[in-house]
Amino acid sequence: MRRFKLWKSASDIDAVLRARIRQAYQDVPLYQRLGEMFRIQPESIRTVYDLSTLPIISKTDLVRDTPEDHLHPNALTRKTQVRVTSGTTGWEVDTHMTRAELNFRRYIFLRRIWFSAGRPFPMKLAQAGSWIEPGPQGEVRHTGTWPLHVVHISRRLSPKQQAAVLAAERATVIIGCPSALDVIAAELPDLDVRWHRPRLIITRGEILRPQMKRNLEHAFRSSVLDFYSAEETGLIAWQCPENPDIMHVEQDACIVEIVDPSGVPVPAGTPGDIVVTNLFNRTMPLIRYRIGDQSEVASKSDFTCTCSRIGTSIRAPFGRPDDFIILPDGERISPTIDTVGLTAVPQRKNPSKGSGVFGPAWIRTRDLPLIRRAL
Ligand SMILES: [Zn+2]
């Protein structure tokens, strides 16, 4: 089970990569087709440096084909976990994992949160302004056992209600989408209770712009770090606490390349498309997956950062313009908070249905182009 090993060495990464490629190109129809088309010999890929000879896949490949086409045959008979993503490109992709793969992915995320927050013990983590649905327990859900306690705050609560829950919970770390946290932050000065300053705010899911980072730091009275993740892959990279202009790649989970339009890696400092190879998901292998964002390599794999991290780092990704819906009067709507938009545009037609007005409906990222046209 080397794919689940923590603190993987360079030789561990190469060994896991070889296994992922061999299994994908032998067993998964999508890669079998690519293998035939490009006459690929999987055994010729020995290290991460050989990876660039393989073809690139994209979300189009995953949306166009049935799940059986890009899943390992074992996944069709075993019970698998399903995660759903809504991308800014307008398509949703189901990401499939076994329970063990999902647990590893969660562990990687929590480990990085814990280190980034300065190893708090115990740790109370509050998720607000995220894609969280209400559960059987209601709009605020509590999970985990000591020393880790997680509070999940439903996206259906208004920004004011989310701010009140955050103030009451006194979390060690708050994590959420920056646009939604920004809207929640605006409610903090009006709360009746005293604000307990968290150790860290972690943003994810959207681009964190410098001005918004400053706004959030000021409003929450805490430092802010950005995590780069995607539903298809889990955590990809995280902002260095000591050098905020770079993000360290999560090397236990993935390999990141920055490539030109033809799939060839570009030199450090040159912008290009982010391509991710997942190391732990055997159920739905992602090998050279073009994720839809751009960045550039900040430092190569032998680089030692002042935070003592050794490995590849990238610049903060750019290229997701859909973080906010801006209404004609200038009001901003975060796509991760439902209720704001519903009252703001009462007479607009629901673009996803084509008729009627906004009722208790969703505003999903994939609807944004339609909403823009409707406005
Ligand atoms: Zn660092």
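**Figure 1. Phe-38 and Arg-39, side by side in the loop between α2 and β1.** With 10 C-beta neighbours inside 10 Å, Phe-38 counts as exposed. Arg-39 isn't a glycine, yet its phi is positive, about 50 degrees. The loop runs between α2 (29-37) and β1 (57-58). (Helices, H or I and at least four residues, and strands, E and at least two, are DSSP runs numbered from the N terminus.) Bear in mind that this is a predicted model, where local features need pLDDT of at least 70, side-chain atom pairs count only at pLDDT 80 or more, and totals for chains, interfaces and linings use all residues. Residue numbers start from 1 along each chain as its sequence is written.

**Figure 2. The whole protein chain, for orientation.** Eleven helices and 18 strands make up the secondary structure here. The chain has 375 residues, and 40% of them are buried. Take the contacts between residues at least 6 apart in sequence: 60% of these join residues at least 24 apart. (Two residues are in contact if their C-beta atoms, placed from the backbone, lie within 7 Å.)

**Figure 3. Inside the largest nonpolar core, with its 78 residues.** The members that touch the most other members are Val-173, Ile-174, Ile-236, Val-256 and Val-276. (A nonpolar core is a set of buried Ala, Val, Leu, Ile, Met, Phe, Trp, Tyr and Cys residues joined through C-beta atoms within 7 Å.) Zoom in on Val-276 and, leaving out residues up to four places away in sequence, you'll find it touching Thr-233, Ile-236, Cys-254, Val-256, Leu-286, Tyr-289 and Ile-291.

**Figure 4. How helix α8 packs on helix α9.** Two packed helices are described by the angle between their axes and the distance between the axes. For α8 (residues 178-185) and α9 (residues 210-220), the angle is about 40 degrees and the axes are 10 Å apart. (Axes are lines fitted to C-alpha atoms, for helices over the stretch in contact, and angles run from 0 to 180 degrees between N-to-C directions.) That makes α8 and α9 oblique to each other. (Under 35 degrees counts as roughly parallel, over 145 as roughly antiparallel, 65 to 115 as roughly perpendicular, and the rest as oblique.) The crossing of α8 past α9 is left-handed. (Left-handed means the near helix is turned anticlockwise from the far one by less than a right angle; clockwise would be right-handed.) On the α8 side, the contact uses Pro-178, Leu-181, Asp-182 and Ala-185, while α9 brings Met-212, Asn-215, Leu-216, Ala-219 and Phe-220. Sorted by type, the contact residues are seven nonpolar, one polar and one charged. (Ala, Val, Leu, Ile, Met, Phe, Trp, Tyr, Cys and Pro count as nonpolar, Asp, Glu, Lys and Arg as charged, and the others, Gly among them, as polar.)

**Figure 5. Helix α7 and the residue after it.** Within α7 (residues 159-169), the buried residues are Pro-159, Gln-162, Ala-163, Ala-164, Leu-166 and Glu-169. Arg-170 follows α7 with a positive phi, near 50 degrees.

**Figure 6. Two cis peptide bonds, at Pro-122 and Pro-147.** Phe-121 and Pro-122 are joined by a cis bond with omega about -5 degrees. Pro-122 lies in the loop between α6 (99-116) and β4 (123-127). The bond from Trp-146 to Pro-147 is cis as well, with omega near 10 degrees. Look for Pro-147 in the loop between β5 (140-143) and β6 (148-153).

**Figure 7. Ile-310 in the loop between β15 (297-299) and β16 (313-314).** Ile-310 has 13 C-beta neighbours inside 10 Å, so it counts as partly exposed. Setting aside neighbours within four places in sequence, Ile-310 is in contact with Phe-303 and Thr-304. Ser-299 is eleven residues from Ile-310 in sequence and 9.8 Å from it in space, C-alpha to C-alpha.

Methods. A residue is buried if 20 or more other C-beta atoms lie within 10 Å of its own, exposed if 12 or fewer, and partly exposed in between; C-beta atoms are placed from the backbone.
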